[in-house]
Amino acid sequence: MGRRQTDSDLHRFTLFLIAAISCCMAYYSFSVSLKGNSDTIFVGSSESWRANEEEREGDGCCGGVEHLELWGDAMKWGSDFKLNSSEECCRACKEMCEGDNGPCLCDSWVFCGNKQDCGSRFGECWLKKQKDALDPDWRDSGDKVIWTSGLVFGKGEGIIKLKTEHGIVNVKLFPDCAPHSVYYILELLSLQHCAGCQFYRAESRGNSWDLQGNHIEHAPYGPPYALIQGTVDAYGTVFKDIPQEACPTIRRGSIAWVGSGPDFFISLANHHEWKKAYTVFGQVLPEDMEIVEKISQLPTIPDVWSNVKVAVLERPVPLRFIRMRKSP
């Protein structure tokens, strides 16, 4: 997928290059489009929510952000609990989640892993509990900070809302697989408005993917490419490129960055032909995919980006990430 060439920074567009001859050809053309004047990405899913969760967990994600220290109530003191790596510290936090649906007694961890900088604190693993996991307590950040920190959400936790005029989509975030991505999305939750955040491209499943997002045998891989695409580059904010993080198979409902962001997409289908090339930072809950499908059916204008036919919305759909209301 690539972005449409434009003289304005206010409207960013991306494109897909997927040939209909073979998966190999599809991946090749897609890669070419990424290298055009920008990057591109997609996501999809035909499995159930539980199947997606199991596969994601099977990838072994357990990452955090270096040079960041999170505060919070200590569930386990690092001075008495030392481990060999930040991944081990993350997994120790995950082990404090009870059952399939939580709650997690530990939702954040802090690890000191640089022997020279940490000195006697090397290996300390602090397991913590935030007062509000969607608004974590940032103690300090920057190159001089010796800590690596991460968040852990149980299966029933870490769900935010993507609000549009066509309905609200519930999104499960993946902080263990895409920590930098999730921290940026959490920052957006604090904004009163997200001017400039919008969906600008919409392409249905067409005749190439079924209702579950599975590719229909012998059908082309697009166009249309079964996705809606937008940007979260809010006016008045400074966006920093997101580093590439975990890139699982793109499935129906997956949310992933276009390149390093701030453009992103939600996939309506399972796109095995795209390989594992895009950072996936969240998943739309299955019951809300009908809203995504609705947006994909809105009136569009045909366009051509880097020799690829795409469909641009006649009227962009404003969007905003908001938090779920706290339980009384």
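Guide: His-218 lies in the loop between strand E10 (198-203) and strand E11 (227-231). Strands here are DSSP runs of E with at least two residues, numbered from the N terminus. The model is predicted, so local features need pLDDT of at least 70 and side-chain atom pairs count only at pLDDT 80 or more, while totals for chains, interfaces and linings use all residues. Residues are numbered from 1 along each chain as its sequence is written, and side-chain values use heavy atoms, with hydrogens and water left out.

His-218 is not a glycine, yet its phi is positive, about 70 degrees. Most residues other than glycine have a negative phi, and most peptide bonds are trans. The relative accessible area of His-218 is 76%, which makes it exposed (over 50%; buried is under 20%, and partly exposed is in between, with a 1.4 Å probe and protein chains only).

The loop between E10 and E11 also holds Pro-223 and Pro-224. The peptide bond from Gly-222 to Pro-223 is cis, with omega near 0 degrees. The bond that joins Pro-223 and Pro-224 is cis as well, with omega about -5 degrees.

For comparison, Ser-306 sits in another loop, between strand E15 (300-305) and strand E16 (308-318). Ser-306 is not a glycine either, and has a positive phi of about 50 degrees. With a relative accessibility of 37%, Ser-306 counts as partly exposed.

Technical notes:
Helix = DSSP H or I, 4+ residues; strand = E, 2+ residues; numbered from the N terminus.
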